[in-house]
Amino acid sequence: MTDNNTDNGPQGEAPTMSIKDMKKFERWRKSLQYLTGLGMSKEEQTDFRKALDVEIESYQCNQCENWRDNLMKNSPPVRFMAEHLEKVGRPISRDDFLCAPCDETRSGGFSPEHGILLCQNRTNSKTHQEHTMVHEMIHMYDHHRFKIDWLNLRHHACSEVRAASLSGDCNWSREFQRGFYTFTKQHQTCVRRRAILSVQENPSCHSREEAERAVASVFDSCFADTRPFDEIY
């Protein structure tokens with residue numbers, strides 16, 4: 001017969017709190033103190049906040065790395081891009097993806113020297129990270145396939161148009177989450193907007209107008225270029 005009584009002590013006595021439960025309770029108590037400020041000095045609040053930040057950063061890094069490894073193994077578009085990067089002489093491994101905290105302006109990045117950055121604190125789901133990985137892998141593909149000069153605004157604009165269009169970054173659900181939605185040319189509008197924002201960050205770009213001109217000058221041809229995909233997925 002199974003005993004469903006969780007009381008490990010003598011009958012009638014209060015259950016004994018385990019060490020694990022005591023640690024959970026102590027953490028909850030300190031969190032409540034931090035939020036309310038009751039019973040905790042400013043120095044204790046500062047120390048607790050620092051410890052909490054370290055724990056959050058560690059959790060975000062582990063999650064980012066676990067998602068990275070899983071997506072490299074199981075995501076069709078990530079695997080597809082990895083195969084085509086190998087075809088252009090740039091095989092890619094997990095070590096080419098760095099999970100790190102970023103500011104609020106980005107969710108990832110590509111550097112020819114350092115590989116791909118995944119912003120662990122700016123990714124709100126595994127699907128979001130998948131889109132970010134594919135986006136940056138398209139930049140890596142363009143760099144090795146087409147010999148991109150990243151300080152040339154037209155080159156940069158073309159790769160941004162392609163990455164925004166082909167990565168899934170501009171699908172309807174992502175745009176809805178951002179608060180942008182329309183029933184006509186939603187995809188093209190998103191691609192153009194996001195490409196302009198990225199080109200604006202180029203050190204060779206001096207104004208939004210210059211970024212808009214660069215994107216406009218290459219948009220039609222680069223939007224139509226879906227390599228290595230057969231079409232926009």
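This is a predicted model: local features need pLDDT of at least 70, side-chain atom pairs count only at pLDDT 80 or more; totals for chains, interfaces and linings use all residues.

Colleague: Which parts of the chain does the pair of Cys102 and Cys119 tie together?

Modeller: Cys102 sits in the loop between E1 and strand E2 (108–111), while Cys119 belongs to strand E3 (residues 115–119), so the pair links parts that are 17 residues apart in sequence. Helices (H or I, at least four residues) and strands (E, at least two) are DSSP runs, numbered from the N terminus.

Colleague: Buried or exposed: how does Cys119 count?

Modeller: Cys119 counts as buried, its relative accessibility being 0%. Cys102 is buried as well, at 15%. Buried means under 20% relative accessible area, exposed over 50%, and partly exposed in between (1.4 Å probe, protein chains only).

Colleague: Let us move on to Cys64. How many Å apart are the sulfur atoms of Cys64 and Cys99?

Modeller: The sulfur atoms of Cys64 and Cys99 are 2.1 Å apart, and the two residues form a disulfide. Its torsion about the S-S bond is about -80 degrees, so the disulfide is left-handed. Helix H2 (residues 42–74) holds Cys64 and strand E1 (residues 97–100) holds Cys99, so the bond joins parts separated by 35 residues in sequence. Cys64 is buried, with a relative accessible area of 2%, and Cys99 is buried at 8%.

Colleague: And which residue does Cys158 form a disulfide with?

Modeller: Cys158 is bonded to Cys222, at a sulfur separation of 2.0 Å. The torsion about the S-S bond of Cys158 and Cys222 is about -110 degrees, so the disulfide is left-handed. Cys158 is part of helix H5 (residues 153–166) and Cys222 of helix H8 (residues 208–224), so the pair connects parts 64 residues apart in sequence. Both Cys158 and Cys222 are buried.

Colleague: What pattern do the disulfides of the protein follow?

Modeller: Counting the bonded cysteines along the chain, the pattern is 1-2, 3-4, 5-8, 6-7. Cys61 takes part in no disulfide, and the nearest cysteine sulfur, belonging to Cys99, is 5.6 Å away from it. Cys61 counts as buried at 19% relative accessibility.

Colleague: A different topic, if I may. How many Å do the axes of H5 and H8 come within?

Modeller: The axes of H5 and H8 come within 8 Å, and they cross at roughly 60 degrees. Axes are lines fitted to C-alpha atoms, for helices over the stretch in contact, and angles run from 0 to 180 degrees between N-to-C directions.

Colleague: Which residues in H5 meet H8?

Modeller: On the H5 side they are Leu153, Arg154, Ala157, Cys158, Val161, Arg162 and Ser165, and the H8 partners include Ala214, Val218, Phe219 and Cys222. By class, this contact of H5 with H8 comprises ten nonpolar, two polar and three charged residues. Contact means heavy atoms within 4.5 Å. Ala, Val, Leu, Ile, Met, Phe, Trp, Tyr, Cys and Pro count as nonpolar, Asp, Glu, Lys and Arg as charged, and the others, Gly among them, as polar.

Colleague: At roughly how many degrees do H3 and H4 cross?

Modeller: H3 and helix H4 (residues 126–146) cross at roughly 15 degrees, their axes coming within 9 Å. The H3 residues Pro77, Val78, Met81, Ala82, His84 and Leu85 meet H4 residues including Met133, Val134, Met137 and Tyr141. The contact of H3 with H4 has eleven nonpolar residues, one polar and one charged.

Colleague: Finally, where is Asp95 found?

Modeller: Asp95 is in the loop between helix H3 (76–87) and E1, and it counts as exposed at 64% relative accessibility. Asp95 and Ile116 are separated by 21 residues in sequence, and their C-alpha atoms are 9.2 Å apart in space.

Technical notes
Residues are numbered from 1 along each chain as its sequence is written. Side-chain values use heavy atoms; hydrogens and water are left out. A disulfide is a pair of cysteine sulfur atoms within 2.5 Å.
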